[in-house]
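Subject: Structure handover

Hello,

Here is the structure we discussed, followed by notes on what was found in it. Please read the notes with the model open.

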Amino acid sequence: MMKAEYRNIHAALGGREILKGISLQVPEGGMTGIIGPNGCGKSTFVKTTFGICPYQQGEILVDGIPVKQLGRKKLAARVGYVGQDAGTVFNFSVYEVVAMAVNLRRSGKTAVIRKVLSDLHILHLEERGIQTLSGGERKMVFLARAIVQGVDFIILDEPTNHLDISRQLFLLDYLKRSGKTVLVVLHDLRLAAHYCDRLYLMRDGEAVCSGTPLEVLTEENVKRVFGVSGQAIYSDEEGGDFCLHMKARQTAH
């Protein structure tokens, strides 16, 4: 069963075509990754889900229902979102920021919020003002807010930005174990190869290929899209995981 489907999505910003007919499927219960070089349209693509970046052609379905029929409130009840921008206008406490996502009685709300904050190892921040936190800490707070929504489908745009390596691994491990359906934009190909069940490789507003990490991160594709030498391999020596072997050498496009 597909949790989400994007059919032939076209979008333009400032008179320039950014997305050129992307079709993408997000299977239920897995982690689907979107990768590609800077400026290829990854963030614009996920933002079309919520109307942050309107699309001019195509259709997006969540649970088989067009998002334009769902409306904002019903869509928020089905899909959580953690964007790149973790900025806030007002210096609400961490607890208040997360509490905005849940509609429960005070006693029940507090228990749910504190459980999620504890699970994400940020309970000690609950009384801190959101503007006093680092970028990485804010990213974890907004993930907590998405979890507290109670949705089983979360979209994340570059969630590992501003996080040190231990936090990157913790966050992706947490999402992988959660059982939720995850659509994630990643710039780190090693993390994408290790954690994602399925990848879509974007270039210049188009999805040039899709499949498992082994199928997508071939030496030919990595060289063609990123201009470097490397490929994903399956290594029994590293616990039977996918790992990406890269050579720090640019190649001619």
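**Salt bridges**

Glu 59 forms a salt bridge with Arg 7, with 3.5 Å between the closest N and O atoms. A salt bridge here is a side-chain nitrogen of Lys or Arg within 4 Å of a carboxyl oxygen of Asp or Glu. Glu 59 lies in strand 4 and Arg 7 in strand 1, so the pair ties together parts that are 52 residues apart in sequence. Helices (H or I, at least four residues) and strands (E, at least two) are DSSP runs, numbered from the N terminus.

Before going further, the conventions: this is a predicted model, in which local features need pLDDT of at least 70 and side-chain atom pairs count only at pLDDT 80 or more, while totals for chains, interfaces and linings use all residues. Residues are numbered from 1 along each chain as its sequence is written, and side-chain values use heavy atoms, with hydrogens and water left out.

Arg 7 also meets Glu 5 in a salt bridge, at 3.7 Å from N to O. Arg 7 is partly exposed, with a relative accessible area of 38%, and Glu 59 is partly exposed at 30%. The classes are buried under 20% relative accessible area, exposed over 50%, and partly exposed in between (1.4 Å probe, protein chains only).

A search of the whole structure finds eight salt bridges. One of them joins the side chains of Asp 152 and Lys 3, at 3.1 Å from N to O. Asp 152 is in the loop between helix 5 and strand 7 and Lys 3 is in strand 1 (residues 2-13), so this pair ties together parts 149 residues apart in sequence. Asp 152 is partly exposed at 37% relative accessibility, whereas Lys 3 is buried at 6%. Salt bridges with shared partners join Lys 3, Asp 63, Arg 78 and Asp 152 into one network.

**The chain as a whole**

The protein chain has nine helices and 12 strands. Its radius of gyration is 19 Å, close to the 18 Å that the globule rule gives for 253 residues, so the chain is as compact as a globular protein of that length. That radius is taken over C-alpha atoms, and the rule is 2.2 Å times the number of residues to the power 0.38. Along the principal axes, the C-alpha atoms fill a box of roughly 60 × 45 × 35 Å.

Of the 253 residues, 49% count as buried. The accessible surface of the chain comes to about 12400 Å², and 48% of it belongs to carbon and sulfur atoms. Areas come from the Shrake-Rupley method with a 1.4 Å probe; for residues, only the protein chains shown count as cover. Among contacts (heavy atoms within 4.5 Å) between residues at least 6 apart in sequence, 61% join residues at least 24 apart.

**Helix 5**

Among the buried ones are Arg 138, Lys 139, Phe 142 and Ile 147. At 1.5 Å a residue, helix 5 should span 20 Å, and its end C-alpha atoms are 20 Å apart, which agrees. The expected span is 1.5 Å times one less than the number of residues. Just after helix 5, Gly 150 takes a positive phi of about 85 degrees.

**Loops**

Two residues other than glycine deserve a look for their backbone angles. His 121, in the loop between helix 4 (106-119) and helix 5 (135-148), has a positive phi near 60 degrees. His 121 is partly exposed at 47% relative accessible area. Glu 158, in the loop between strand 7 (153-157) and helix 6 (165-178), has a positive phi of about 50 degrees. Glu 158 is buried, at 6% relative accessibility.

Phe 50 is in the loop between helix 1 (42-47) and strand 4 (57-62). Leaving out residues up to four places away in sequence, Phe 50 touches Leu 75, Val 79, Gly 80, Tyr 81 and Ile 155. Phe 50 and Arg 72 are 22 residues apart in sequence and 7.5 Å apart in space, C-alpha to C-alpha.

Phe 90 lies in the loop between strand 6 (80-82) and helix 3 (94-99) and is exposed, with a relative accessible area of 56%. Phe 90, Phe 92 and Met 100 make a nonpolar surface patch of about 320 Å². Patches are made of residues with over 30% relative accessible area and no salt bridge, like charges being joined within 9 Å and nonpolar side chains (Val, Leu, Ile, Met, Phe, Trp, Tyr) within 5 Å.

Regards
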